[in-house]
There are 2 protein chains.
Amino acid sequence: MKEHPLFKIANPSSIAILGASNNFMSMGTSVLSSIQALNFKGPIYPVHPKEKTVLGLAAYPSVEELPEVPDLAVIVLPTRIVVEAMDACGKKGIRHAIVVSGGFGESGENGVSMQKQLKETAQSHGIRFLGPNCIGAVNPHHNFNATFLTYGQKPGFIGMASQSGSFITQMFDYLALFGLGFSTGFSVGNEADTDIVDCMEYLAQCPNTKVIGLYIESIRRGDRFIESARRIAPHTPIVAYYAGGTEAGRRAGFSHTGSLAGPDRVYDGVFRQGGIIRAYSIEELYDFCWCLGTCPAPSGNRVLVQTHSGGPGAVAADACDRAGLLLPPLSDETRGRLADYLPHTASMNNPVDLTFTRDPRDYTDVIPRLLVEDANTDAILMYMLQPPSSVRRAVVAMGVKGEQVEEEVTAYMEGRSLEMAEFIKGCEKPFIGFSYATGENSFIRGLYDAGVPVLPSPNRAARALWALVEYVRLRKKIA
Amino acid sequence: MKEHPLFKIANPSSIAILGASNNFMSMGTSVLSSIQALNFKGPIYPVHPKEKTVLGLAAYPSVEELPEVPDLAVIVLPTRIVVEAMDACGKKGIRHAIVVSGGFGESGENGVSMQKQLKETAQSHGIRFLGPNCIGAVNPHHNFNATFLTYGQKPGFIGMASQSGSFITQMFDYLALFGLGFSTGFSVGNEADTDIVDCMEYLAQCPNTKVIGLYIESIRRGDRFIESARRIAPHTPIVAYYAGGTEAGRRAGFSHTGSLAGPDRVYDGVFRQGGIIRAYSIEELYDFCWCLGTCPAPSGNRVLVQTHSGGPGAVAADACDRAGLLLPPLSDETRGRLADYLPHTASMNNPVDLTFTRDPRDYTDVIPRLLVEDANTDAILMYMLQPPSSVRRAVVAMGVKGEQVEEEVTAYMEGRSLEMAEFIKGCEKPFIGFSYATGENSFIRGLYDAGVPVLPSPNRAARALWALVEYVRLRKKIA
């Protein structure tokens, strides 16, 4: 891994930043702020023609005058001086760069010609680089975030390579909603030197990456992409969203990165051959990554749905059917074991609809334990509902008063959550929650934080479970 | 409207509650708590054989002994004594009821027979009722919430009739995420007396209802449903989710409410004839309601996408195409007017991708104003992004310190939000936002609170805009 051209780009020991200043409006300043905010452990050298210090760091008037040869140069300069800066980096001995600056291949003839010069200059010095026209890279496991937005959550297990920087930076907060984060994220920009295939190959070797996500507008090296993906997919699942399959998507991609996309069915074929799971929205991309990174592989496509609400159960059944999953009947053994716990209003079909349970704890404790052992099922989808208002009423009725009420409510919800999470994480079958509640609910938040996938709707849960089944199928096919 | 059998069920002046006690574990107690929590304005009479007071209210040993004839009886008693209770209500002169109790038509032969008795008993007294096996009704405009969960947000404009109680109560918190709420919501349960058609007809007359949502597992009165919907749809849009279209969904629905669903294509036909827009998930159902209840009707299906992030723009374009929307080129006039505001990295295609703007305010101020006036477009989809970390950096760089920083950040974000909302609400074309950020972001929260739809992804925004276009098409077809 350390030999890979992207290693130093994602794991630099020292960084030069070209384009940061004390003007908070500049993009370069934002990038430097982000690097500082994630508490980067090595030296950071701002290069600035005039300023003596930049954001509190000693600044250097030129690359040449840097006190050492940094591992990485991050270039956020005006387009017209980027080539020159790359040359200065090369002369200093720098061998890795991220070029954030835009105005190259995506901006007409002149830009195309400058991009060519940029690449030639880098090659003449043996420099490998990401970009131009990208928003950088993030590796929270290394306290490294060279993008213009702050990375505020814990490091994660999703390795992302994206032909749109937005699907790196603008996902920081989105992923945090679910307690998720990146292992490493690359915004590849115009791919003048390294491309999405390189990123995928690097991420496959990264020990923090459990699953690889790709946002694709077009693939420049189709054969190598398929070949690499086939080698990677058997050990690390790959999920891709492709935006160029429609006419409008194709045109938008062209404006964005200057590359031409192909029809949907061509990419369907590419993904199939590569053993890659295709997602149809960005939410799906991350939903799939979430489940692929946390769930064991299912033995088949048979699923039991546990619910205490008929509607969410019926919607889950409907969604499972549309996603190509089967809902088998419960085994006789499970029916026998369940009988003691069910009220007369319950249904022992699939979905298992408890309506309510005599002891509310049964729903999160004994019942899922029985269901997951059913011989007819390969996976469980469970409706997660724990409204704080109901717990609050119980707490108040038990005589708790004042400020203690909220404390008790939270303690109860978090306690249930921890128990549930511990059980789910020990399951040998995929166990996926679904809920219309979000992380604002402390029961759901507890599950997220413990690494249990609770998808925001039965439809999304069914599709994510399908992705697990599909992954197993693709993996077998490749082998 | 006041003559409608559901009027007193949704707007009672006084309520008797049968089945509430001081045992916080009982469902009846939860229902009474909810009624109290929403600050119901009329008298509430708990009926309890032994308790003198229930949740602080004077209780009565029998219906007969109530001091007046209440408008509505809410019955949450054990199944075996429900018929008897209904009879007692009739004898007292009560003419409206909600029967929450389950164990009737959905629970085998004995239940079916008891449901028949229940209906006959009610009819013999001229009582109209909702249920059994429902979770009640909510009308926040009347401070009335006879369900077992607390209604905590403001009254809204979505009138909902649901064959699953969950899609009423469990949506309280879900809708609150987006600043939405119900005008009135009915859980119809087994529909022994009033059914989803009655609810739809009532909601069409309700002045607080701008759009009707339906959750359907099966329709018992198909002809009347179509006929009513055709009358209602031209003035109040109707959106339906149907769970019974797949085999698994059909079986789940049967377990849930004991009614038999029909194949997908039959319901497609029913919806088409009724002028009803079909949603394919519960999220979509409420997304469609949100936009139909807040946006003007579009003149056609041409949409301009405004973004400053290439990826979300490309995904929006792809999603619009898949949803059957067109992305026309900008008119020459708009191109001319825009030119002054765009950096050289921007794209004047559609999506209009600004990449950035020299003055950040242009993105939310002058540019959307120019785009919405474009002669080639019927609607705008706009990517909404305002990361607090960027604003915070600017605020800190301007010298603001300490606690004031967060105040300034919030004030700025809310200010932009209000300006934006004011403009959007004045538009004569649909103007729909999309963002991966949620209401935790104060810019997005401000838009929600002002009644501007900001959908959680470009895909959902495109589908919701499609629903507006489809509504206009269906309305024309009916006329």
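**A tour of chains A and B**

Helices α3(B) and α4(B) run roughly parallel to each other, because angles under 35 degrees count as roughly parallel and this pair packs at an angle of about 5°. The model on screen is a predicted one.

To see the pair, select residues 82–92 of chain B for α3 and residues 108–125 of chain B for α4. Their axes are 9 Å apart. Next, show side chains where the two helices meet. On α3(B), pick V82(B), V83(B), M86(B), D87(B) and G90(B). Facing them on α4(B) are M114(B), Q117(B), L118(B), T121(B), A122(B), S124(B) and H125(B). Sorted by class, this contact holds 6 nonpolar, 5 polar and 1 charged residues.

Now bring both chains into view. Chain A and chain B each give 66 residues to their contact. On the chain A side, the elements that give two or more residues include α2 (27–37), α9 (247–257) and α16 (388–397). Select α12 of chain A, residues 310–322. α12(A) gives the most to this side, with 11 residues. The chain A side as a whole has 24 nonpolar, 32 polar and 10 charged residues.

Finally, hide chain B and colour chain A by domain. The domain assignment gives domain 1 as 7–292 and domain 2 as 296–478. The C-alpha centres of these two domains of chain A lie 38 Å apart. Where they touch, 16 residues of domain 1 are in contact with 16 residues of domain 2. On the domain 1 side, the largest share comes from α11(A), with 7 residues. That side divides into 10 nonpolar, 2 polar and 4 charged residues.

Technical notes:
Residues are numbered from 1 along each chain as its sequence is written. Chains are lettered from A and ligands numbered from 1 in the order in which they are written. This is a predicted model: local features need pLDDT of at least 70, side-chain atom pairs count only at pLDDT 80 or more; totals for chains, interfaces and linings use all residues. Axes are lines fitted to C-alpha atoms, for helices over the stretch in contact, and angles run from 0 to 180 degrees between N-to-C directions. Helices (H or I, at least four residues) and strands (E, at least two) are DSSP runs, numbered from the N terminus. Angles under 35 degrees count as roughly parallel, over 145 as roughly antiparallel, 65 to 115 as roughly perpendicular and the rest as oblique. Two residues are in contact if their C-beta atoms, placed from the backbone, lie within 7 Å. Ala, Val, Leu, Ile, Met, Phe, Trp, Tyr, Cys and Pro count as nonpolar, Asp, Glu, Lys and Arg as charged, and the others, Gly among them, as polar. Domain bounds come from an automatic or database domain assignment.
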